[in-house]
Amino acid sequence: MKRDSRLSGVLHILLHMAELDEPVTSDDLSKIIDTNPVVVRRLMAGLRERQYVQSAKGHGGGWTLACELAEVTLLDIYEAVGSPGLLAMGNRTEAPGCLVEQSVNAALGRTFDEAEQLLLRRLGEVTLASLSADCHQRLEAKGISLKAKRNRHGLQS
């Protein structure tokens, strides 16, 4: 089963965008997460609606951040990309009249709900600024500059 990686992908894009002083095209952003530019435009549409990013068409156009990293949480971004399913597991529904299945589904349903609430709460505690700071620490610890990292993805510095 393929996992939904929209949140991870868009966070990756946003952290790169935070380091750039100029607009970035969907084509350039697609290279960051190894996907099609159309996928990037779809991901960014929800962010634009919430005014986390903005876009300009034409020569010199592209995507730019329109928010303060410290004011936006991972939960905000999760919701902007459509609140994809958090858990890959689910309940069986083949025999809804079966008392065993009902018992199992009730226990698992409560557990899944609690796990999702915990995860959503944690996403609400982490800002883009804290994620960016962690990224900077990891790069510095390895002696990697963000400029070099951007070039690896094919972005101009």
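Is D34 buried or exposed? D34 is exposed, with a relative accessible area of 72%; here exposed means over 50% relative accessible area, buried under 20% and partly exposed in between, with a 1.4 Å probe and protein chains only. Some notes on this predicted model follow.

1. A word on the ground rules. This is a predicted model, in which local features need pLDDT of at least 70, side-chain atom pairs count only at pLDDT 80 or more, and totals for chains, interfaces and linings use all residues. Residues are numbered from 1 along each chain as its sequence is written, and side-chain values use heavy atoms, with hydrogens and water left out.

2. Back to D34, which sits in the loop between helix 2 and helix 3. Helices are DSSP runs (H or I, at least four residues), numbered from the N terminus. The phi of D34 is near 50°, a positive value in a residue other than glycine. S83 also deserves a look: its phi is positive, about 50°, although S83 is not a glycine. S83 lies in the loop between helix 4 and helix 5 (99-125) and is partly exposed, at 36% relative accessible area.

3. Next, helix 1 against helix 3. The axes of helix 1 (residues 6-18) and helix 3 (residues 37-49) come within 11 Å and cross at roughly 80°, which makes helix 1 roughly perpendicular to helix 3. Axes are lines fitted to C-alpha atoms over the stretch in contact, with angles from 0 to 180 degrees between N-to-C directions; 65 to 115 degrees counts as roughly perpendicular. Helix 1 brings R6, V10, I13, L14 and M17 to the contact, and helix 3 brings V40, L43, M44 and L47; contact means heavy atoms within 4.5 Å. These residues divide into 8 nonpolar, no polar and 1 charged.

4. The contact is formed by L11, L14 and L15 of helix 1 with L128, L131, S132 and C135 of helix 6. By class, the residues of this contact are 6 nonpolar, 1 polar and no charged. S132 counts as buried, at 8% relative accessibility, and touches L15, E19 and L69, not counting residues up to four places away in sequence.

5. Leaving aside neighbours within four places in sequence, L29 is in contact with I13, M17, V24, V40, M44 and W63.

6. Y78 belongs to helix 4 and counts as buried, at 8% relative accessibility. Beyond its neighbours within four places in sequence, Y78 contacts L7, S83, P84, L86, L120 and L123.

7. For C67, the nearest cysteine sulfur is that of C135, 16 Å away. C98 is partly exposed, with a relative accessible area of 32%.

Note on methods. Helix = DSSP H or I, 4+ residues; strand = E, 2+ residues; numbered from the N terminus. Parallel < 35°, antiparallel > 145°, perpendicular 65-115°, else oblique. Nonpolar A, V, L, I, M, F, W, Y, C, P; charged D, E, K, R; others polar. Disulfide = S-S within 2.5 Å.
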